[in-house]
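Hi,

Here is the structure I promised to pass on. Have a look at it first, and my notes follow below.

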Amino acid sequence: MDSKAQQFSLPDSSRLSGLAPHTIWLFRLDAKIAELRAAGADIINLGVGNPDQPTHPDVVAAGQLALADPANHRYPDQTGTPQFRQAVAHYYARNFGVSDLDPESQVVPTLGSQEALFNLTMAFTSPGDVVLSGDPGYPIHVSGPVLAGATPEYIPLDPSRGFAPDYASVPAAVAEAAKLMYLCYPNNPTGAVGTPEIFEEAIAFAHEHGVFIVHDFAYGDLGLDGFRPRSFLATPGAIEVGVELYSLTKGHNMAGWRVGSVVGRADAIERYLAVKAEVDCGTFHAVQAAAVAALAPSADAATRELSDMYTRRREVVAGALEQAGIPVQRQRATPYVWSPVPNGYESCEAFAQFVLETANVAISPGWAFGPSGTGYFRISLMADDAVLAEAASRLAALPS
């Protein structure tokens, strides 16, 4: 290779240096797991949330049938097929009590939630504008604004109030400068659920400060113990000040399919589409056909069974932690366990390191989800039952 080519330096980007700490932690975790496995350790990774169950056969069959149709091999329409938009609107009416959605103007497909989170930031902010994100929270709620050139600011989530946003802690200057606010209920990583009070407070804050709300509803289908998560759009006035991101990733085991929807205020969706049209070519029609099957009334039972499975898994992990003398908070939603680090550890990262090296189980330190996550840890329940049972056995044997 030419020596000049070897000496060429890549241009720097300040955006990459501002990414959320979760990104750094993932690289470090992967490297540590690889190192331990190379030394012969049998590592069980419960640090990431990747569904382990297959997509339902009926959904796969619908996707395969659509895949074989040459009409679907062309560029897809950015606004989505009529069948997909109607399926989402009917699903919202049937499962979330939101019955007044117009499928023509208030529903469009996305490539899961992550793409939409970034593109909505592009659509509603200019460089330097403030974006508010819950802390602790999903890292893309911070990284998306950074990559878009906006300025992320944290809103601490108050554990004493069910991890509700503490708006009183937001400086007046920050609140007035904010253009966009990300909410996420059921919340990743805490498992907290959205209540009417949480959403009413958010709507009032939006009106007071002129802040547009993007509610990340990626875990809207996963309520534990029979609980049914609440859609932000079910709150009076919500559709005036925001949109909601619905995803089929976790509730329908369709992580690899990359399909979801932006639902809500029509002119906001138009602005999102204006950005999206410059970034990608839309959601493959065969994927939308599979999503229609997943959202059909006949598939609701499978989603409820998935929630029941995660309830059982939560009890397996919670019981193991309690056996090791580690107190556990039982959430009513999401496929995670989120609990305080037990006494005796100087940090959540030290506890995660101890669990990894002592039990060969990888878990997430809470700081990876924001400053307010310090003092907590997260365990993913997205692992095969036998694997999770083995992990639980190892956790139960941790020295107290």
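Helix 6 (residues 114-124) packs against helix 11 (residues 266-276) at an angle of about 105°, and their axes are 8 Å apart. Helices here are DSSP runs of H or I with at least four residues, strands are E runs of at least two, and both are numbered from the N terminus. Axes are lines fitted to C-alpha atoms, for helices over the stretch in contact, with angles running from 0 to 180 degrees between N-to-C directions. The two helices are therefore roughly perpendicular (65 to 115 degrees; under 35 is roughly parallel, over 145 roughly antiparallel, the rest oblique). On the helix 6 side the contact (heavy atoms within 4.5 Å) is made by E115, A116, N119, L120, M122, A123 and F124, and on the helix 11 side by A268, R271, Y272, V275 and K276. By type, those residues are eight nonpolar, one polar and three charged (nonpolar being Ala, Val, Leu, Ile, Met, Phe, Trp, Tyr, Cys and Pro, charged being Asp, Glu, Lys and Arg, and polar the others, Gly among them).

Before you go further: this is a predicted model, where local features need pLDDT of at least 70 and side-chain atom pairs count only at pLDDT 80 or more, while totals for chains, interfaces and linings use all residues. Residues are numbered from 1 along each chain as its sequence is written, and side-chain values use heavy atoms, leaving out hydrogens and water.

Three strands make an open, antiparallel one in the order 10-13-12 (two strands pair if DSSP finds at least two bridges between them). Strand 10 (336-340) and strand 12 (364-365) are at the edges with a single partner strand each, so one side of each has no neighbour in the sheet. Five bridges join strand 10 to strand 13 (residues 376-380), and V337 has I379 as its bridge partner there.

- Y185 and P186 are joined by a cis peptide bond, with omega about -5°.
- N188 and P189 are joined by a cis peptide bond too, with omega about 25°.
- P186 lies in the loop between strand 6 (178-184) and helix 9 (196-209), and P189 is also in the loop between strand 6 and helix 9.
- F163 is not a glycine, yet has a positive phi of about 55°; it sits in the loop between strand 4 (151-158) and strand 5 (164-165).

Overall, the chain has 15 helices and 13 strands.

Cheers
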